[in-house]
Amino acid sequence: MFDTVYPQLIGLCTGALLLTSALLVWRHSLLASIRLLSVQGFALAALVAVIGLEEGEAEVIIVSVLVLLVKGMALPWVLAHETRATTRTDEAPRLNPTAGLLTVALLTILSYVVASRLLSGDTSISAHAAPIGLAMVLIGFLLLVTRRQAGSQLIGFLVLDNGIATVAFLTSGGVPLFLELGISLDVLLVVVILYVFAGRMRNKFGNTDIDQLRKLHD
Amino acid sequence: MNFALWIPLAVPVTLAVLSLTGGARPPGRLGPVASSAAVLLSGLLLVGAVLAGDIPSLGGGLLRADALSAYMLTVVGAVGLVSTWGGLGHAAAAPGRFAGSYDALISVFLAAMSLAVLADNIGLMWAAVEATTITTAFLVGHHRTRSSLEAAWKYVILGSVGVAIALLGIVLIYAASRGTGEPTLSWLVLSRTDLPLDPALIRAGGALAVLGFATKAGLAPMHSWLPDAHSQAPAPVSGLMSGVLLAVALYAILRIQTITDAVIGPDFLRVMLSIGGLLSLFVAATLLIRQRDFKRMLAYSSIEHMGMMAVGAAIGPAALPAVLLYMLGHGLTKATLFVISGRILEVEGSPRIDDVRALLVRRPGLAVPWLIAMAALVGFPPFSIFFSEVGIIVAGFGAGMGVVVGIALVLLLVIFAALTRLTVAMTVGAPTVGAPTGTAPGSVRAAPDRSAHGPRLPLILALGTTAVVAFIAEPVGTLLARAAAVLGGAQ
């Protein structure tokens, strides 16, 4: 029974991951972006749970709960907390939505081309979905370079990180549990630190526009 | 000897907790120094064990000290000791209400670097390297000015994104090891030459991992955070970051290189590292010529030296002993210079080279060690940087990389001239009356200030060590040869 549903579930979860990433490029409101990020965290947790059920490993199920708690709940909560404090929550990115979505399409095609060369020897269902993870990494980069607000940059970083986790789970069933713990803790701490810095930035500059960080140069 | 693997992790963390709870009272301020001493001590213990033919390991092989790890741990401890001990005067001058957390973060930073070099697992090492970014983020932003906030933001964003790329590479390397039946991230297993690793995945994974760690190592073109972070951080932190954190990132690159070389041959990373190295030298040369800030000058000099080390890594086994010696020499020299730069900044009140003139006449207590350390930095013998650079250049010609080494040599000469000019501008000359700001009126013509403005002994020890270390064949030479052998340099 599960064997027939498994490819569909993998497809559903990775589809949700790609869709949320594309929507993140499209939406400019920070609060909406954070909700999308939370949905993405849930989709990633579901993907991990599906892989865990297929492999029948309890460790992977534990990891999926961890992913759900950290990426689905804790991180979006921290971000939302930060964003409510800002007066301006709308983003004026360097790319308009149409150009952004076209770039997303290009990046997705690119990652399929790259992955087909990388994983040519692997015919498993999960490896077929691995390009989605790569596309998410690239979309994360796109968000990082095109956004001006500190909060949006953070979201780009988190999409990048979700993409890496997706690649890890799809290509090798995830890294060992203790590493997953270490990596999640590191990401959580980085976000908290950037959150504190964004707060200091608001105190000093009155907003969190990172374009004003131009004082130090040669 | 296995207990020595615990010391550099447990002692600094314990001291960090004590610093947090103990506050800013004087004995509490010694926490970072004690942490560095513990790391150095266990490094030396492990070196002793390794030279006796033992390879201590702990936690089912999760922590492991081969010759390379033991050597790196010693470098971390030695550079840490110079930075923290030499920085005591600096830290004491500004106790503030953040002193406890400042000391605690430095101790945890030292523990994270120790974990990075002792871990026999690429994933664990990755987590430790990311932890160094986390612990140093607030240290870079310690002064809470606009500039330090800007530097810290750039540092954390670029540092974590770079290290995230490395994680993607590590994930691909992990996927490549599925063919062996038991997927693994252990250095020891992965660098065995007989493993059926997937070449395409190793190529992509190795490239991404090296690219990511190169960001952390400050190699061009991913260097842009480095001058900002290193110039805005408090001097002891700059010393630690410039002197040893960059070397730890390079250590990660060297380990990854061992894995990729065994699977797809040395040419692939050789090209990447040569380009990165030469580009770093070029960036450093162009920006040092017109440099106005002496802390940024030191930061660009770190990019230069990391570039030279990357060229050495590209050359391969023949240059590796020189590269490893380079890490120690550069670390000690750079830590000394940053400590002195912190003192100069404190007494002169300006980081601009134009504002700091005629130091040799006005403040010989600071100018003399500064001059000696700058001489070591630009590569005068008998200091070990000279021998490392010569070793890399000779090995490069021997390995048929004459063009790369030739370009590097030209850039080194440009940097030599630029650094010499800036140093002379700061130290030599007659003081102008009333010109320097931030000094008491009348002090210009008064008796020269012979005070070192802080502990002298760590600086003397650091410079003394770099001056003699290249001449000690036993045990330093043996240790370097064995450490290079770990990286496939066995002859």
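This is a predicted model: local features need pLDDT of at least 70, side-chain atom pairs count only at pLDDT 80 or more; totals for chains, interfaces and linings use all residues.
I started with B:His453, which is partly exposed because 18 other C-beta atoms sit within 10 Å. The cut-offs I used: buried means 20 or more other C-beta atoms within 10 Å of a residue's own, exposed means 12 or fewer, and partly exposed is in between, with C-beta atoms placed from the backbone. I looked up the backbone of B:His453 too: phi is near 55°, positive in a residue other than glycine. B:His453 is in the loop between helix 18 (402–427) and helix 19 (457–468) of chain B. My helices are DSSP runs of H or I with at least four residues, strands are runs of E with at least two, and both are numbered from the N terminus.

Residues are numbered from 1 along each chain as its sequence is written, while chains are lettered from A and ligands numbered from 1 in the order in which they are written.

Next I checked B:Arg144, which has a positive phi of about 60° although it is not a glycine. B:Arg144 belongs to the loop between helix 6 and helix 7 of chain B. With 14 C-beta neighbours inside 10 Å, B:Arg144 counts as partly exposed.

**Cis peptide bonds in chain B**

I jotted down the background: most residues other than glycine have a negative phi, and most peptide bonds are trans. The bond from B:Ala220 to B:Pro221 is cis, with omega near 5°. I placed B:Pro221 in the loop between helix 9 (199–217) and helix 10 of chain B. B:Pro381 and B:Pro382 are also joined by a cis peptide bond, with omega about 5°. B:Pro382 lies in the loop between helix 16 (364–378) and helix 17 (384–398) of chain B.

**Helix 10 of chain B**

Is helix 10 of chain B mostly covered or mostly open? Mostly covered: eight of the eight residues in 225–232 are buried. Among them I noted B:Trp225, B:Pro227, B:Asp228 and B:His230. The buried residues pack against helix 6 (122–140), helix 7 (146–176), helix 11 (235–264) and helix 13 (294–315) of chain B. For contacts, I count two residues whose C-beta atoms, placed from the backbone, lie within 7 Å.

**Two helix pairs**

I describe two packed helices by the angle between their axes and the distance between the axes. Axes are lines fitted to C-alpha atoms, for helices over the stretch in contact, and angles run from 0 to 180 degrees between N-to-C directions.

Helix 5 (residues 99–118) and helix 11 of chain B pack at about 25°, axes 10 Å apart. Helix 5 and helix 11 of chain B are therefore roughly parallel to each other; angles under 35 degrees count as that, over 145 as roughly antiparallel, 65 to 115 as roughly perpendicular and the rest as oblique. Helix 5 of chain B passes helix 11 of chain B in a left-handed crossing, where left-handed means that the near helix is turned anticlockwise from the far one by less than a right angle, and right-handed means clockwise. On the helix 5 side I found B:Phe109, B:Met113, B:Ala116 and B:Val117, which meet B:Leu240, B:Val244, B:Leu245, B:Val248 and B:Tyr251 of helix 11. These contact residues divide into nine nonpolar, no polar and no charged. My classes: Ala, Val, Leu, Ile, Met, Phe, Trp, Tyr, Cys and Pro are nonpolar, Asp, Glu, Lys and Arg are charged, and the others, Gly among them, are polar.

In chain A, the axes of helix 4 and helix 5 come within 8 Å and cross at roughly 135°. Helix 4 and helix 5 of chain A are therefore oblique to each other, and the crossing is right-handed. The contact includes A:Thr103, A:Leu107 and A:Tyr112 of helix 4 and A:Pro131, A:Leu134 and A:Ile139 of helix 5.

**Where chain A touches chain B**

How many residues does the contact take from each chain? It takes 32 from chain A and 35 from chain B. On the chain A side, helix 4 (97–118), helix 5 (125–146), helix 6 (150–172) and helix 7 (177–205) each supply at least two residues. Helix 7 of chain A gives the most to that side, with 12 residues.
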